[in-house]
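Hi there,

Here is the structure I promised to pass on.

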Amino acid sequence: SDQKSLMKEVLKEMKIDTKQFPERSVMSEISSAKNEYKSPLDYRNEYGSNYRNQRIADIYECYQKRLKENNALDFDDMLLITVKLLENNSEVREKYFSRFSHILVDEFQDTNPSQYSLIKSIYTNNLSETELEGRSLCVVGDVDQSIYSWRGADFKIILNFQNDFRNTTLIKLEQNYRSVATILEAANYVILNNSQRIDKNLYSN
């Protein structure tokens, strides 16, 4: 509600018609930009080829300015600013690198670029794979269950995981304990149509 109130103030201050630019729609667009690790300038440079996106870049810039004046963060900023802090401050990054030797990420298919940057910073501390002895990164996920692209999740992150970390061991959990074989057979036929996936065969006893 605080976020929505602030956005209303920003749109009023900028004399922007909320019928053309509804608060919820603008907030969603800004949230997506932050999840993709894009500043107002990044957003303008990448998407500002039309009038609507130029105005959203203006609103985003003003919104961030007002947040700063209020010494406030929105939900997406908590992640974005943490990622920037870890990238730019080696002392902070070293502290959390030393604190967490073993990292587990569940529902990894729904990771967005900011979340992935956070994980990589804490796990690698910008070191090479050969320098990470004694550390482990375990991710659990299923690309066929990726359903949150509308809020910034990128299924390609899980698909590229084995390229990003060459010494990865892939363990397929194909036996299902919730469903009977008939349902799993139908599910297998449906997900075979997904063009980008890691092959698996669900079964039940």
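Asn112 sits in the loop between β1 (102-105) and α7; helices (H or I, at least four residues) and strands (E, at least two) are DSSP runs, numbered from the N terminus. With a relative accessible area of 5%, Asn112 is buried, where buried means under 20% relative accessible area, exposed over 50%, and partly exposed in between (1.4 Å probe, protein chains only). Leaving out residues up to four places away in sequence, Asn112 touches Asn35, Leu79, Gly152, Ala153, Asp154 and Ile157, a contact being heavy atoms within 4.5 Å.

Before going further, please keep in mind that this is a predicted model: local features need pLDDT of at least 70, side-chain atom pairs count only at pLDDT 80 or more, and totals for chains, interfaces and linings use all residues. Residues are numbered from 1 along each chain as its sequence is written, and side-chain values use heavy atoms, with hydrogens and water left out.

One of the partners of Asn112 is Asn35, which belongs to helix α2 (residues 23-35). Asn35 is buried too, with a relative accessible area of 9%. Apart from neighbours within four places in sequence, Asn35 is in contact with Asp76, Asn112, Pro113, Ser114, Arg151 and Gly152.

Now for helix α7 itself. A side-chain oxygen of Asn112 comes to within 3.0 Å of the backbone nitrogen of Ser114 at the start of α7. The helix (residues 113-124) has twelve residues and reaches 16 Å from its first C-alpha to its last, close to the 16 Å expected at 1.5 Å a residue; the expected span is 1.5 Å times one less than the number of residues. Its buried residues are Ser114, Tyr116, Ile119, Ser121, Ile122, Tyr123 and Thr124. After α7 comes Asn125, with a positive phi near 50°.

Two of those buried α7 residues, Ile119 and Tyr123, turn up again around Leu137. Leu137 is part of strand β2 (residues 136-139) and counts as buried at 16% relative accessibility. Not counting residues up to four places away in sequence, Leu137 touches Ile103, Val105, Ile119, Tyr123, Phe161 and Phe165. Leu137 and Ser101 are 36 residues apart in sequence, yet 8.4 Å apart in space, C-alpha to C-alpha.

How do α5 and α6 pack? Helix α5 (residues 75-88) and helix α6 (residues 90-99) meet at an angle of about 100°, with their axes 5 Å apart; axes are lines fitted to C-alpha atoms, for helices over the stretch in contact, and angles run from 0 to 180 degrees between N-to-C directions. That makes α5 roughly perpendicular to α6, the range for which is 65 to 115 degrees. Leu85, Leu86, Glu87 and Asn88 of α5 make the contact with Ser90, Val92, Arg93 and Tyr96 of α6. Also in α5 is Ile81, partly exposed with a relative accessible area of 41%.

Finally, some backbone angles to look at. Most residues other than glycine have a negative phi. Lys15, in the loop between α1 (2-13) and α2, has a positive phi near 55° and is exposed, with a relative accessible area of 75%. Glu107, in the loop between β1 and α7, has a positive phi of about 50° and is partly exposed at 46%.

Best wishes

Methods:
Angles under 35 degrees count as roughly parallel, over 145 as roughly antiparallel, 65 to 115 as roughly perpendicular and the rest as oblique. A polar contact is a pair of N or O atoms within 3.5 Å; within protein, one must be able to donate a hydrogen and the other to accept it, and residues adjacent in sequence count only if both atoms are side-chain atoms.
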